[in-house]
Amino acid sequence: MDTIINEINERLTEVMSSLKDGNVKEAMTYSLMAGGKRLRPLLFCYTLKSYGIDYHDYIDVACAIEMIHTYSLIHDDLPGMDNDDLRRGRPTCHIQFDEATAILAGDGLLNESMNVILNMDIDASLKVDMMKVLYDHSGVNGMIYGQQQDIYFEDHQANLKELEDVHHYKTGCLLSAPLILAGLIANKNEVPALKDLGFTIGLAFQIQDDILDVTSDTETLGKPVGSDIDNHKSTYVTLLGVEQSQDYADKLFKSCLEKIYALTLNHGLMIEIIEKVMKRVK
């Protein structure tokens with residue numbers, strides 16, 4: 001797993017080196033290379049591996065996924081959104097630079113993620129299909145819709161169904177997209193099942209995130225704890241409590257296992273990456 005992360009980081013460094021120098025490039029690189037778990041690109045690479053496909057041929061897709069994820073974090077941290085000052089153990093992008101530069105850095109990462117895919121030496125129709133998945137899942141019918149609803153429920157109490165809807169889009173879309181993209185390459189017939197698995201992973205991931213926000217500490221997480229409470233957000237913990245939330249996450253993990261065993265791939269490899277998601281401490 002560490003080998004794949006290192007390969008992704010090396011390729012990201014190459015991608016960033018080709019951009020015009022200046023504060024925006026510096027801010028993009030600062031946030032992109034600040035560490036992080038690389039869970040989304042790992043999901044993509046592990047799914048390909050599970051189907052017996054060499055992920056090295058598609059490493060740029062993994063990079064594009066991480067660039068979009070990092071863009072979303074930069075914008076989430078802005079004063080107009082969550083107003084956080086710490087991310088991945090370092091000052092957030094707008095704190096390290098300034099708000100305008102952070103906005104442009106997020107915009108730049110989103111745009112360059114598509115250039116990365118456009119420049120790949122693969123079939124043109126596959127490029128179009130993959131770009132559509134990424135734009136759909138990160139756009140106003142995907143992640144951005146989830147962010148919109150997340151902001152709305154800062155001032156309104158969400159019930160469980162409404163909260164799950166928020167995180168289906170805000171978190172689930174960018175955790176489902178890597179599996180869908182791998183499916184487009186490896187086995188188009190199983191794309192619907194992979195998509196379903198991805199959204200189940202996304203919901204479980206978010207519940208774990210809510211639990212860690214109240215049970216962990218800033219040093220471990222690399223970001224402020226208790227920020228959800230400070231921002232008056234509805235969370236699984238505020239609705240269900242820690243114990244019930246953990247029970248729900250465990251139930252979703254079991255569901256993930258059932259969905260994996262229904263797929264025609266290397267089950268052990270897929271379970272390995274799912275366990276990394278579910279057993280994380282930060």
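Modeller: A polar contact is a pair of N or O atoms within 3.5 Å; within protein, one must be able to donate a hydrogen and the other to accept it, and residues adjacent in sequence count only if both atoms are side-chain atoms. This is a predicted model, in which local features need pLDDT of at least 70 and side-chain atom pairs count only at pLDDT 80 or more, while totals for chains, interfaces and linings use all residues. Residues are numbered from 1 along each chain as its sequence is written, and side-chain values use heavy atoms, with hydrogens and water left out.

Colleague: Which side chain does a polar contact of 2.6 Å join to that of Asp60?

Modeller: Asp60 belongs to helix α4, residues 59-76, where helices (H or I, at least four residues) and strands (E, at least two) are DSSP runs, numbered from the N terminus. Asp60 counts as buried because its relative accessibility is 12%, buried meaning under 20% relative accessible area, exposed over 50% and partly exposed in between (1.4 Å probe, protein chains only). Leaving aside neighbours within four places in sequence, Asp60 is in contact (heavy atoms within 4.5 Å) with Val116 and Met120, among others. The partner in the polar contact of 2.6 Å is the side chain of Arg11.

Colleague: How many disulfides does the count come to?

Modeller: A disulfide is taken here as a pair of cysteine sulfur atoms within 2.5 Å. Cys256 is in no disulfide either, with the nearest cysteine sulfur, that of Cys173, 16 Å away. By this rule the count is zero.

Colleague: How far apart are the end C-alpha atoms of helix α16?

Modeller: The expected span of a helix is 1.5 Å times one less than its number of residues. Helix α16 covers residues 267-278, so its twelve residues should span 16 Å, and the distance between its end C-alpha atoms agrees, at 16 Å.

Colleague: Which residues does Ile274 touch, not counting residues up to four places away in sequence?

Modeller: Ile274 is one of the buried residues of α16, and what covers those buried residues includes α3 (39-50), α10 (172-186), α11 (191-215) and α15 (242-261). Not counting residues up to four places away in sequence, Ile274 touches Leu43, Ile201, Phe253, Cys256 and Ile260.
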